[in-house]
Amino acid sequence: MLAKINSMGLLGIEGFPVEVQADASQGLPSFEVVGLPDNAVKESRERVRAAIKNCGLEFPTRRITVNLAPADRKKEGALYDLPILLGILGASGQLKALPQDAIFLGEVALDGSVRKITGVLPMALEARRRGVREIYLPRENATEATLADGITVYGISHVKELLSHFSGETPLSPTEKWIPSETTCNVPDFGDVCGQENVKRAIEIAAVGGHNILLVGPPGGGKSMLAQRIPGILPPLSKEEALETTAIHSVRGLVSEENPLLSERPFRSPHHQMSAMGMTGGGRVPQPGEISLAHNGVLFLDEFPEFAPTALEALRQPLEDGKITITRVAGTLTYPASFMLVCAMNPCKCGWYGYSKERCECTPRMVAQYRKRISGPLLDRIDMHVQVPMVPYEEMIRPGSAESSATIRERIIKVRERIAPRFAGTKVTCNARMTPEQLKEHCKLEGGANNLMKQAYDKLGLTARSYTKLLRVARTIADMAGSETIETVHLAEAIQFRPNEN
């Protein structure tokens, strides 16, 4: 007897349909799972066998074959335990036919309890696109699945609950759609930062335009403190951005049952011993790395020169393309990686070059070697280079608090809303991501601004890339001033954030 159960699989952050076909035929007792299963799927044979017996049901003493179709796609994880168990019960006549517009997901423990899995949101979204009406999965994943509008979600904690539901004895109640509550922002506030008004201005410009920024200064100047407060001034995630970002975190199992949808832009701050694979993603079965987990948010690299060169150079393509392609034996996957890069570094190994002759013992050659740890092509991809000096004593004791993150964020949102029509009908959301066509249309230079740009191009040794980045920053400064054109004063401020590359 043949039974068919609908389920889903996961390839990267995209779901795909899987039909679990179970056949129980005459012959020597055996249990085989085919259809390119990984070790976790193969081990489901023992979990399912024990679960069926411990639920008081009969495990058929027949030749059992379970096929996971399509057979040419790798199936990974323990999420197929539940559909395999249901397929065996259906093939042995212990369970009536299940609805064909429903999917089943979940890991099954030996006692029949259904345990939490990862990657539910992308699978639920794909199921909705394919017309699925019901989804049965672990109770801990139920609130996350409700984010896919239009699907009735049933959360179960034990196989017996599901069997009682289909027998009509104890029908399950659908999980209520998760509705976000008003939550306070847990990001540190800019009101805590003493002084550094010029640096705050640069960070606000970067936040408005989505520009990459490098903070350079001695220890204790507040570089890390400033960077950690950037997510609190960025505009909130749109619904599409929130779903896309949450799907990436769901694959890595970083979504909580209480708050299944990310409400704030992610802030990722990996340690400088991070490997290239940890940064970009990978593994035998490619998983998203730090740059994908920072998608639509901030990637903060403290102690910038201390990162491994391979990890830093791996950033070059994602910074340009907004995505990362990983090729492994298991296949090729592309993950989104559109993030705002924020870096912090000292001017030299000891940290005091150019700030304290008494403290710094580094020679010019040592300083040059320290800075050469970061390649020119990578530095060229950073829009703004900002000096972060020591905070004067007068600023530390000045009464009153500085401008709050809420006030800065309100200004940034207003500017973003004002320039939104510029990107209507495109996937671009900020000036840093403007296409060459948009750059030509919205970043024209005339008169004195054009002459100033020519001088800067020659004296600073700008490349074609750094020229366009300078234009984008100038366009952002003009937007903040409410100007339709880039004037000389806007370009002059933008030039201050470019290092001399000659």
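Ring pairs link Phe104, Tyr136, Tyr154 and Phe166 into a cluster; rings of Phe, Tyr and Trp (its six-membered ring) pair if their centres lie within 6.5 Å, and planes under 30 degrees apart count as stacked, over 60 as edge-to-face and the rest as tilted. The model is predicted, with local features requiring pLDDT of at least 70 and side-chain atom pairs pLDDT 80 or more, while totals for chains, interfaces and linings use all residues. Residues are numbered from 1 along each chain as its sequence is written, and side-chain values use heavy atoms, without hydrogens and water.

The structure holds 7 aromatic pairs.

| Pair | Centre distance | Plane angle | Class |
|---|---|---|---|
| Tyr136 and Tyr154 | 4.8 Å | 10° | stacked |
| Tyr136 and Phe166 | 5.3 Å | 50° | tilted |

Tyr136 lies in strand 8 (residues 134-138) and Tyr154 in strand 9 (residues 152-156), 18 residues apart. Phe166 belongs to helix 6 (residues 159-167), 30 residues from Tyr136. Helices (H or I, at least four residues) and strands (E, at least two) are DSSP runs, numbered from the N terminus. Tyr136 has 1% relative accessibility and therefore counts as buried, a term that means under 20% relative accessible area (1.4 Å probe, protein chains only). Phe166 is also buried, at 11%.

Charges also sit over rings, meaning that NZ of Lys or CZ of Arg is within 6 Å of the ring centre and within 35 degrees of the ring normal. The charged end of Arg73 is 4.6 Å from the ring centre of Phe16, and that of Arg359 is 4.2 Å from the ring centre of Trp352.

Methods. Buried < 20%, exposed > 50% of the residue type's maximum accessible area, 1.4 Å probe, protein only.
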